[in-house]
Amino acid sequence: MGARRLVAVLVTALLAGCAPATATTDEATGPVSARRAPEGSYAVGVRTLTLDPRSARPLPVTIWFPASTDGVASGRFPVVVYSHGLGSRPDLHAGLTTRWAAAGFVVAAPAYPHTRQGAAHFTRADVRNQPADAWRLIRHLGRLDRNREDPLAGHLDLTSIAAAGHSAGGFTTSGMFSEGHPARLRAGIVIAGGGLPGSFAGPAAPVLFVHGTADAVVPLTVGRAAYGRTPGPAAFLSLLGQDHGAYLTPGHPGFAPVLATTTDFLRWTLYGDRAAGARLPADARTPLTRYEFRPAH
């Protein structure tokens with residue numbers, strides 16, 4: 001593994017921990033984490049590492065995590081694997097991912113070998129290989145959690161994982177929900193993306209789709225088609241008149257409803273926070289957005 005850096009980045013004051021509670025089952029999401037959702041916000045730390053640096057597919061990874069003054073905050077936290085789009089990189093999505101970490105999630109974002117910004121051999125066709133890279137990262141996180149010398153040891157709840165991503169990263173996210181995927185992959189967030197061949201064939205899990213209705217890069221119809229294919233509960237957040245992703249920029253009018261909806265969706269699916277699930281329609285009740293929910297087929 002390559003060099004690591006661990007930098008404490010203050011995003012919000014540490015207000016509340018994540019205490020254990022009795023395991024629950026939600027009618028829509030099924031078994032959920034045995035841990036109570038945080039009631040406040042965390043400071044956020046960031047760490048970088050490179051997975052398999054000498055292999056044919058080295059994978060630089062940025063990890064944002066709930067932090068305390070002396071490192072990782074106390075407790076175990078659900079994990080979100082976040083995938084970037086073509087020609088992008090993890091730090092360009094930090095406006096969203098750091099806020100998820102502040103809400104009580106460990107967010108791990110790989111920089112994919114042949115689709116990231118600056119890739120030596122860039123090819124969009126490599127997206128089909130990225131779901132396997134994401135699962136490789138999840139297996140590596142399991143090793144970190146078991147390594148007593150690693151700062152993240154004992155802090156990763158790998159029984160509650162979500163996949164999320166934008167554009168090509170949204171297609172990557174869909175591809176992780178293939179036949180036989182582990183049930184610990186409990187939720188997905190597909191932003192301005194669609195489905196890969198074989199997507200949504202495994203165990204049913206809730207998926208949230210986020211899409212601009214004026215997206216000229218990945219048309220709205222592509223996202224709607226993937227939404228229609230999901231066997232589990234699914235929600236669709238439409239950004240009216242919006243393009244391929246300007247709404248992911250803090251300060252943009254669409255950012256606040258996207259942040260609120262995605263954060264509450266993660267709280268609902270990974271922590272079993274029913275109040276967060278009930279808030280989802282209100283999160284999207286703005287002049288710029290439309291929200292719909294479809295129960296499992």
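Colleague: At what angle do H5 and helix H6 pack, and how are H5 and H6 oriented to each other?

Modeller: In this predicted model, H5 and helix H6 (residues 274–283) have axes 8 Å apart and pack at an angle of about 155 degrees. Angles over 145 degrees count as roughly antiparallel. H5 is therefore, relative to H6, roughly antiparallel.

Colleague: Which residues make the contact of H5 with H6, and how many of them are charged?

Modeller: The crossing of H5 and H6 is left-handed. From H5 the contact takes Pro 257, Ala 260, Thr 261, Asp 264, Phe 265, Arg 267 and Trp 268, and from H6 it takes Arg 274, Ala 276, Gly 277, Arg 279, Leu 280 and Asp 283. Divided by class, the contact has six nonpolar and two polar residues, and the number of charged ones is five.

Colleague: H5 also packs against H1; are H1 and H5 roughly parallel or oblique to each other?

Modeller: The axes of H1 and helix H5 (residues 255–271) lie 11 Å apart, and the packing angle is about 40 degrees. Roughly parallel would need an angle under 35 degrees. H1 and H5 are therefore oblique.

Colleague: What is the handedness of the crossing of H1 and H5, and how many charged residues does the contact hold?

Modeller: The H1 and H5 crossing is right-handed. H1 brings Gly 95, Leu 96, Arg 99 and Trp 100 to the contact, while H5 brings Phe 255, Leu 259, Thr 262, Thr 263 and Leu 266. Five of these residues are nonpolar and three are polar, and the charged count is one. Arg counts as charged, and the H1 side of the contact includes Arg 99.

Colleague: Which helix gives the largest share of the lining of the second largest cavity?

Modeller: The second largest cavity holds about 30 Å³ of space. Its lining consists of Tyr 82, Leu 92, His 93, Ala 94, Gly 95, Leu 96 and Leu 248, with five nonpolar, two polar and no charged residues. The largest share, three residues, comes from the helix spanning residues 94–102, H1.

Colleague: What is the volume of the largest cavity, and what lines it?

Modeller: There are two cavities of 30 Å³ or more. The lining of the largest one is made up of Phe 177, His 181, Phe 200, Ala 201, Gly 202, Pro 203, Ala 204, Ala 205, Val 207 and Pro 231. By class, that lining has eight nonpolar, two polar and no charged residues. The volume of the largest cavity is about 40 Å³.

Colleague: How are H2 and H3 oriented to each other?

Modeller: Helix H2 (residues 130–146) packs with helix H3 (residues 168–176) at about 70 degrees, and their axes are 8 Å apart. Angles of 65 to 115 degrees count as roughly perpendicular. The orientation of H2 and H3 is therefore roughly perpendicular.

Technical notes: Residues numbered from 1 in each chain as written. Predicted model: local features only at pLDDT ≥ 70, side-chain atom pairs only at ≥ 80, totals over all residues. Heavy atoms only, no water. Axes fitted to C-alpha atoms, helices over the stretch in contact; angles between N-to-C directions. Helix = DSSP H or I, 4+ residues; strand = E, 2+ residues; numbered from the N terminus. 1 Å grid on protein atoms, 1.4 Å probe; cavity = no way out; pocket = protein on both sides within 12 Å on 5 of 7 lines; lining within 4 Å. Points joined across faces, edges and corners; volume = space filled by probe spheres on them. Left-handed = near helix turned anticlockwise from the far one by under 90°. Contact = heavy atoms within 4.5 Å.
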